[in-house]
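Me: I have a structure open and some questions about how it is put together. Can we go through it piece by piece?
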Amino acid sequence: MHELSIISSVVENVIESLQKYPGARVTEVRLRVGALSAVIEDSLQFCYGIAIESTPLEGSRLTVNIVPVTVHCDACSAERPIESLQSFRCPDCGAPASDVRGGRELEIESIEIEEPEEVKP
Amino acid sequence: MTTRIVELRQGILKKNDELARGLRGRFEAAGVLVLNLVSSPGTGKTAFLERTLRELRQRGSRVAALVGDLETDNDAVRLAASGAPVRQINTHGICHLEAEMVSKHLEGWPGVELGGLEYLFIENVGNLVCPSSYDLGERIRVALLSVTEGEDKPLKYPTLFNSADAAVVTKMDIAEAVGFNRDAALKNIREIRPNIRIFETSARTGSGMDGWLEYLAQERASRQA
């Protein structure tokens with residue numbers, strides 16, 4: 001259950017990037033989470049609701065995009081998605097594949113913000 | 001109000017990752033091989049590490065260990081019996097170690113200078129899920145599995161086993177008594193992490209320790225070259 005640590009880092013990073021947008025309010029945070037990152041979306045959502053209280057993120061929505069696990073198959077010289085997390089093999093030729101290329105992501109992709117209209121003097 | 005999308009594309013754990021990268025650089029410059037030991041609670045990490053520290057010391061190697069636990073310094077006390085310098089990291093409820101905790105505990109460690117060490121072991125909090133996301137600056141991540149845990153554990157926790165550089169099966173001395181299916185266990189580990197080095201050991205009898213210690217020496221030598 002390290003989702004709370006992960007979400008705390010998300011909130012911290014988002015607040016940091018808000019410094020460039022004074023007065024802005026966050027309406028959505030989009031994450032890219034690899035299927036191999038051992039993070040549960042439900043737990044992320046649960047922790048998010050708690051972590052954003054009394055922050056500029058309060059009231060915002062969390063969107064989690066899951067990135068499939070892909071491996072590089074030496075035999076096929078190609079990157080392929082694996083069929084199950086219980087078998088790291090090329091789905092085409094069946095060769096064991098230890099070179100994981102995707103699926104470990106833990107990234108903040110983007111945020112949606114609302115900014116106050118600029119008041120022209 | 002105007003709405004806009006701001007692309008961030010940044011790692012959520014970038015602070016930890018940056019700190020870990022810095023640590024890895026320091027470890028490399030100091031010529032110390034750093035290992036991160038990860039397993040469930042009860043696998044026998046501490047017993048295995050205690051034996052490893054003792055045998056390395058008998059061979060004249062300079063070793064030290066950091067040990068992570070939610071509470072208590074029981075493991076540090078056990079490990080210190082090996083004669084090696086050991087420092088406890090209490091996470092106070094956090095289920096994994098982070099690079100910052102390692103960095104903090106390397107400072108002001110009486111009698112321990114990175115440059116004076118050959119091996120530094122970091123025993124993570126007993127947990128097969130959370131430690132996998134946190135880089136500690138280690139060179140080798142070791143996943144441990146005991147013969148009492150069920151041969152399908154690697155399939156249940158693919159993230160951790162897939163991120164490991166070496167696997168250690170512990171408590172081999174009771175394998176027969178508990179009906180351990182060795183072939184299935186090794187096959188499952190390799191299904192998740194093809195080509196991984198696997199060591200079958202017993203901290204009680206010492207079986208398998210020679211191969212493990214030889215691997216450590218080889219890894220250290222290959223980094224020095």
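Predicted model: local features only at pLDDT ≥ 70, side-chain atom pairs only at ≥ 80, totals over all residues.

Me: What holds paired strands together in general?
Reply: Strands of a sheet pair through backbone hydrogen bonds, either parallel or antiparallel.

Me: What is the strand order in that sheet?
Reply: The order is S2(A)-S1(A)-S6(A)-S1(B), four strands in an open sheet with mixed pairing. At the edges are strand S2 (61–67) of chain A and strand S1 (2–11) of chain B, each of which pairs on one side only. On average, neighbouring strands here are turned by 15 degrees against each other, direction ignored.

Me: Which helix lies across S6(A) and S1 of chain B?
Reply: Helix H1 of chain A, residues 3–17. It lies across strand S1 (25–34) and S6 of chain A as well as S1 of chain B, and it runs at about 45 degrees to S6(A).

Me: How many residues are in contact between chain A and chain B?
Reply: 32 residues of chain A are in contact with 29 residues of chain B. On the chain A side, the elements that give two or more residues are H1 and S6. S6(A) gives the most, with ten residues.

Me: And how do the residues on the chain A side divide by type?
Reply: There are 15 nonpolar, eleven polar and six charged residues on the side of chain A that touches chain B.

Me: New topic. How many helices and strands does chain A have?
Reply: Chain A has two helices and six strands. Along the sequence they follow the pattern α-β-α-β-β-β-β-β.

Me: Is chain A compact or spread out?
Reply: Chain A is more spread out than a compact globule, because its radius of gyration is 19 Å, well over the 14 Å that the globule rule gives for 121 residues. The C-alpha trace of chain A spans about 65 × 35 × 15 Å along its principal axes. Of the 121 residues, 34% count as buried.

Me: What about contacts between residues at least 24 apart in chain A?
Reply: Take the contacts in chain A between residues at least 6 apart in sequence: 69% of them join residues at least 24 apart.

Me: What is the strand order in the three-strand sheet of chain A?
Reply: S4-S3-S5, an open sheet with antiparallel pairing. Strand S4 (78–81) and strand S5 (99–102) are the edge strands, each pairing on one side only. Neighbouring strands of this sheet are turned by 40 degrees against each other on average, direction ignored.

Me: How many bridges join S3(A) to S4(A)?
Reply: Four bridges join S3(A) to S4(A). They form a hairpin with four residues between them, and A:Ser77 in the turn has a positive phi of about 50 degrees. On the other pairing, three bridges join strand S3, residues 70–73, to S5(A).

Me: Which residues stand opposite A:Val71?
Reply: In S4(A) A:Val71 stands opposite A:Arg80, and in S5(A) it stands opposite A:Val100. For A:Thr70, the bridge partner in S5(A) is A:Gly102.

Me: Over to chain B. Which residues of helix H7 are buried?
Reply: In H7 of chain B, residues 182–192, the buried ones are B:Ala185, B:Asn188, B:Ile189 and B:Ile192. Seen down the axis of H7(B), they fall within an arc of 100 degrees, so they line one face of the helix.

Me: Why would residues a few places apart point the same way?
Reply: An α-helix has 3.6 residues a turn, so residues three or four places apart point the same way.

Me: Which exposed residues are on the face of H7(B) turned away from its buried side?
Reply: B:Asp183 and B:Lys187 are the exposed residues carried there. The buried residues of H7(B) pack against several elements of chain B, including strand S6 (140–146) and strand S7 (166–170).

Me: And which residues are buried in helix H4 of chain B?
Reply: B:Ala99, B:Met101 and B:Val102 are buried in H4(B), which covers residues 99–106. Their arc down the axis is 165 degrees, so they line one face of the helix. What covers them includes helix H1 (14–30) and strand S3 (63–69) of chain B. Just after H4(B), B:Gly108 takes a positive phi of about 55 degrees.

Definitions and conventions
Residues numbered from 1 in each chain as written. Chains lettered and ligands numbered in written order. Buried ≥ 20, exposed ≤ 12 C-beta atoms within 10 Å, placed from the backbone. Arc of directions from axis to C-beta. Contact = placed C-beta atoms within 7 Å. Pairing = 2+ DSSP bridges. Axes fitted to C-alpha atoms, helices over the stretch in contact; angles between N-to-C directions. Nonpolar A, V, L, I, M, F, W, Y, C, P; charged D, E, K, R; others polar. Rg over C-alpha atoms; globule rule 2.2 N^0.38 Å.
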